Number of protein chains: 2
Amino acid sequence: MEYKKALQKLVEDFKTNFLSSVSLDLAILGFHDGQLKVLLLRWKGTDEWCLPGGRIRHEENLEAAAYRTLRERTGLHEIFLQQFHTFGDVMRYTNFSKQETMAKLGLPDDVTHEIVSRDISVGYYALVEFANAVPTPDFFTEECRWWDIDQVPPLLFDHNDMIKLALKTLRRQLSYQPIGYNLLPDRFTMPDLQQLYETILGQSLDRRNFQKRMLGYNILERLEERKTGGAHKAPYLYRFDKEKYEKALADEILFVG
Amino acid sequence: MEYKKALQKLVEDFKTNFLSSVSLDLAILGFHDGQLKVLLLRWKGTDEWCLPGGRIRHEENLEAAAYRTLRERTGLHEIFLQQFHTFGDVMRYTNFSKQETMAKLGLPDDVTHEIVSRDISVGYYALVEFANAVPTPDFFTEECRWWDIDQVPPLLFDHNDMIKLALKTLRRQLSYQPIGYNLLPDRFTMPDLQQLYETILGQSLDRRNFQKRMLGYNILERLEERKTGGAHKAPYLYRFDKEKYEKALADEILFVG
DNA sequence: TCAAAAGTGTTTAGCCTACACCCATGC
DNA sequence: GCATGGGTGTAGGCTAAACACTTTTGA
């Protein structure tokens with residue numbers, strides 16, 4: 001009863017304060033233990049998972065709404081966020097039909113069509129530092145956690161497709177832009193960075209060539225200190241030179257409007 | 001009076017049959033006389049120009065709406081159409097303020113806010129064969145014609161930015177995908193194709209290297225026939241091998257959902 | 001002392017760039 | 001015949017890929 005009332009209120013809030021027909025979905029990617037992870041939400045009272053999504057307030061910029069949603073789900077801000085595609089098929093259901101999807105959500109009949117209605121959804125991907133994120137479910141969900149990118153289950157709606165396309169875009173981006181600033185801790189080793197690249201690209205790279213290339217970008221600063229405590233030879237620590245990193249990004253990145 | 005009635009009716013139509021808060025805009029690019037052209041519309045009773053735009057019907061896929069709009073403005077179908085960015089700032093006005101824009105449009109006060117309201121707009125660019133298009137204005141405009149891409153005047157809304165970003169995306173796309181199928185006539189010469197590339201990239205290219213590269217893609221079929229009637233040595237005619245061309249596209253192109 | 005990981009330079013191959021001469025056509 | 005544009009191949013440079021040995025550290 002409590003829940004149903006809150007739900008009604010939320011739907012009202014949606015109708016009055018947010019743009020209708022448009023939403024956004026986030027593929028929040030993190031990196032940990034040599035694995036690329038994606039943040040998923042589990043729908044209340046079900047075993048169904050989906051990407052975090054959000055809506056846009058009437059007087060809010062699209063990009064701001066994406067940042068806000070990211071903040072709400074992870075507590076993080078000032079994060080790399082990139083629009084990659086806008087999804088607009090009437091029936092954005094790949095794993096289950098609309099019928100099935102509606103049934104799975106277990107919503108009261110009178111609000112189902114408000115929640116599972118026809119939306120244009122703008123897809124963003126974010127690269128975040130795994131350790132700093134505090135996964136937080138939203139109203140419709142009761143669990144929010146990281147999944148290994150290659151163990152993602154069949155998701156609600158067309159969210160598996162979204163992840164696939166986000167990855168594809170990310171991989172392409174890797175070829176003309178530096179990456180890693182928000183995916184790695186402040187100080188990291190060259191092997192850390194290489195592992196990140198290998199994980200995203202899904203292939204192994206030559207250590208020497210990788211190092212040459214990365215140093216060639218001139219965005220890394222080698223610290224005096226080395227990483228100790230490892231079982232083997234102590235690797236150097238590096239840090240991104242924020243200014244040069246931002247400049248390298250700006251030289252190529254599409255402006256966001 | 002007639003006009004105002006029709007306008008009211010249109011606004012009603014918008015409200016009932018189309019998604020609110022979302023629209024789409026097209027940068028329709030054509031190629032003629034060694035010039036890249038873009039199709040612009042002139043707003044009724046003004047000297048103000050803008051990109052062709054459209055709205056999405058409730059039961060219509062986003063991509064289908066883009067194709068429909070393209071067809072309505074040019075009579076063309078089966079054309080290359082590529083989503084490049086979704087624009088979502090609250091105030092998408094770069095050349096003039098919202099105040100100024102509203103004044104320029106010369107609409108009755110009671111519908112102005114319906115037409116010039118806050119929208120998320122999905123941007124597409126299309127590559128069309130100049131000669132085949134039949135530019136056709138829509139309800140709000142009285143002229144539809146090609147403009148040289150580097151002589152585009154200050155446009156309404158953020159449409160100059162849209163053109164800029166469409167071109168940037170197109171240029172990048174050129175580096176990993178073939179282009180030209182819809183921009184050139186069925187049969188064309190290597191210099192034709194080169195001129196197209198040079199125009200899009202805004203720089204001249206080496207003839208021999210260009211030819212080598214294009215033939216290397218293995219998507220062109222050289223015909224027996226040569227182009228006659230020119231003032232000089234008759235160049236070979238080529239045709240795109242549709243199948244191989246599509247395959248080359250598919251190998252890289254983002255799927256559209 | 002052994003195993004595992006990290007640091008480092010050189011050689012090679014492939015691709016992209018630069019470049020020049022001959023030929024066909026219309027005027 | 002001459003001016004204009006089109007057809008064609010090769011040499012050099014740069015970037016990217018391949019590749020092996022030495023050093024450090026903990027167990």
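**Legends to the close-up views**

**View 1. Polar contacts between chain A and chain B**. Between chain A and chain B, 20 residue pairs are in polar contact, both residues being at pLDDT 80 or more. A polar contact is a pair of N or O atoms within 3.5 Å; within protein, one must be able to donate a hydrogen and the other to accept it, and residues adjacent in sequence count only if both atoms are side-chain atoms. Strand 5 (80-87), strand 6 (120-127) and helix 5 (159-174) of chain A are the elements that give two or more residues to its side touching chain B; helices (H or I, at least four residues) and strands (E, at least two) are DSSP runs, numbered from the N terminus. That side of chain A divides into 14 nonpolar, nine polar and nine charged residues. Here Ala, Val, Leu, Ile, Met, Phe, Trp, Tyr, Cys and Pro are nonpolar, Asp, Glu, Lys and Arg are charged, and the others, Gly among them, are polar.

This is a predicted model, in which local features need pLDDT of at least 70 and side-chain atom pairs count only at pLDDT 80 or more, while totals for chains, interfaces and linings use all residues; side-chain values use heavy atoms, without hydrogens and water. Residues are numbered from 1 along each chain as its sequence is written, and chains are lettered from A and ligands numbered from 1 in the order in which they are written.

**View 2. The two protein copies and their interface**. Chain A and chain B each bring 32 residues to the contact, defined as heavy atoms within 4.5 Å. About 3000 Å² is buried between the chains, 55% of it from carbon and sulfur atoms; this is the accessible area (1.4 Å probe) lost on putting the two parts together, summed over both.

**View 3. Surroundings of DNA strand C**. DNA strand C is surrounded by 20 residues, the closest being A:Arg207, A:Lys212, A:Tyr236, B:Arg208 and B:Ala231; a residue is near when one of its heavy atoms lies within 4 Å. The side chain of B:Arg208 places an N or O atom 3.1 Å from a base nitrogen, and a polar side-chain atom of A:Gln211 is 3.4 Å from a phosphate oxygen.

**View 4. Surroundings of DNA strand D**. Around DNA strand D there are 19 residues, classed as four nonpolar, five polar and 10 charged. A phosphate oxygen lies 3.1 Å from a polar side-chain atom of B:Arg222. On the base side, a nitrogen is 3.3 Å from an N or O atom in the side chain of A:Lys212.

**View 5. A salt bridge within chain A**. The side chains of A:Lys37 and A:Asp148 form a salt bridge at 2.8 Å, N to O. A:Lys37 is in strand 2 (residues 35-43) and A:Asp148 in strand 7 (residues 141-148) of chain A, so the pair ties together parts 111 residues apart in sequence. A salt bridge is a side-chain nitrogen of Lys or Arg within 4 Å of a carboxyl oxygen of Asp or Glu.
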